Amino acid sequence: TVDRPLTFGAFIAPFHPVGQNPTLAIERDLELVVRLDQLGFHEAWIGEHHSAGYEIIASPEVAIAVLSQRTKNIRLGTGVSSLPYHQPLILADRMVLLDHITRGRVMFGVGPGALPSDAFMMGIDPAVQRDRMEESLEAILALLDGSELVTREADWFTLRNARLQLRPYTHPRFEVAVAAQVSPAGPRAAGRFGLSLLSIGATTAGGFDILG
C-alpha cells in the first residue's frame, strides 16, 4: 500500500452576522480561501443560500470562478448546489465550464437544499426536495457520462435528447459528492450512484467549520 499524507479542507457556509457590510463580508470569504490555498489546504467547499440573510453567497459557482483566478492549487467545491432549485442541464453545463476554467480543480457537491425558507419562496414543498435531488442527480450524471442522449420527464423539469456541449476537462468527470446532514437520503444517494459523501452533520457536530 502507498501511504498518503493527511489533507485538510474547509466547509464554508459562510455565516455572517446580520447587519454586517455584505460587500466586505463576501470579500473576506474570498480572501479566506486565498489564504487557505497559500497555507496548503487541499480543498474548500462553498455553500448556496437565498433567504436567511446571514449565509449570503447565492451562487457558489460564481465564487469558484473568481477564486480560480486568485488561487493556484486548492480544489474548489460547491458545498452544496441545491439541485431542486436548478434545471439539471443548465447546472451541469455550468459545472463543466468551471471544470475547464479551474483546469480540473472543481468539485460538485449536491444536496436537496437546507433552508425551508429558500424552498418556500420558490413554491417548492420541502417534502419533495430529497426526491427531486435524486431525480436531478440521476439526470446530471447521465449528462456528464455523455455516452448517449438523455431524455427525462419529471413533474418539474424535462430533458429531450439532451447532451452537454462540452465534455468535462477532468476525465471521465470531476468529483461529485452528496451532502449528508440529518436524513439518510444523502448517504443513500451516494451509495446508489457510487459518489463521495460530504458529511455536513459531522462538521456541525464537531468537525472543522469556518464561521465568517
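Glu43 and Arg75 form a salt bridge, with their closest N and O atoms 3.7 Å apart; the term covers a side-chain nitrogen of Lys or Arg within 4 Å of a carboxyl oxygen of Asp or Glu. This pair links distant parts of the chain, since Glu43 belongs to strand 2 (residues 43–46) and Arg75 to strand 3 (residues 75–82), 32 residues apart. Helices (H or I, at least four residues) and strands (E, at least two) are DSSP runs, numbered from the N terminus. The model is predicted, so local features need pLDDT of at least 70 and side-chain atom pairs count only at pLDDT 80 or more, while totals for chains, interfaces and linings use all residues. Residues are numbered from 1 along each chain as its sequence is written, and side-chain values use heavy atoms, with hydrogens and water left out.

Glu175 counts as partly exposed because its relative accessibility is 26%.

Further salt bridges involve helices. Glu134 forms a salt bridge with Arg188, and the closest N and O atoms are 3.5 Å apart. Glu134 lies in helix 5 (residues 129–145) and Arg188 in helix 6 (residues 185–193), so this pair ties together parts that are 54 residues apart in sequence. Glu134 is buried, with a relative accessible area of 11%, whereas Arg188 is partly exposed at 46% relative accessibility. Both residues belong to a network of salt bridges that links Glu134, Glu138, Arg188 and Arg192. Side chains of opposite charge can pair when their charged atoms come close. A search of the whole structure finds seven salt bridges.

The aromatic side chains come next. How many aromatic pairs does a search of the whole structure find? The search finds three aromatic pairs. In one of them, the rings of Phe108 and Phe174 have centres 6.2 Å apart and planes at 85 degrees, so the pair is edge-to-face. Phe108 lies in strand 4 (residues 106–111) and Phe174 in the loop between strand 6 and strand 7, so the pair ties together parts that are 66 residues apart in sequence. Phe108 and Phe174 are both buried. The rings of Trp156 and Phe157 are also edge-to-face, because their centres are 4.8 Å apart and their planes stand at 85 degrees. Phe157 is buried at 5% relative accessibility. For these pairs, rings of Phe, Tyr and Trp (its six-membered ring) must have centres within 6.5 Å; planes under 30 degrees apart count as stacked, over 60 as edge-to-face and the rest as tilted.

Helix 5 also takes part in helix packing. Its axis and that of helix 3 (residues 88–101) come within 9 Å and cross at roughly 50 degrees. Axes are lines fitted to C-alpha atoms, for helices over the stretch in contact, and angles run from 0 to 180 degrees between N-to-C directions. Helix 3 and helix 5 are therefore oblique to each other; angles under 35 degrees count as roughly parallel, over 145 as roughly antiparallel, 65 to 115 as roughly perpendicular and the rest as oblique. From helix 3, Pro88, Leu89, Leu91, Ala92 and Val96 meet Ser136, Ala139, Ile140, Leu143 and Leu144 of helix 5, where contact means heavy atoms within 4.5 Å.

The backbone remains. Most residues other than glycine have a negative phi, and most peptide bonds are trans. The bond from Ala13 to Pro14 is cis, with omega near -15 degrees, and Pro14 sits in the loop between strand 1 (9–12) and helix 1 (22–39). Another cis peptide bond joins His171 and Pro172, with omega about 0 degrees; Pro172 lies in the loop between strand 6 and strand 7. Arg103 is not a glycine, yet its phi is positive, near 55 degrees. Arg103 is in the loop between helix 3 and strand 4 and is exposed, with a relative accessible area of 57%.

Methods:
Buried < 20%, exposed > 50% of the residue type's maximum accessible area, 1.4 Å probe, protein only.
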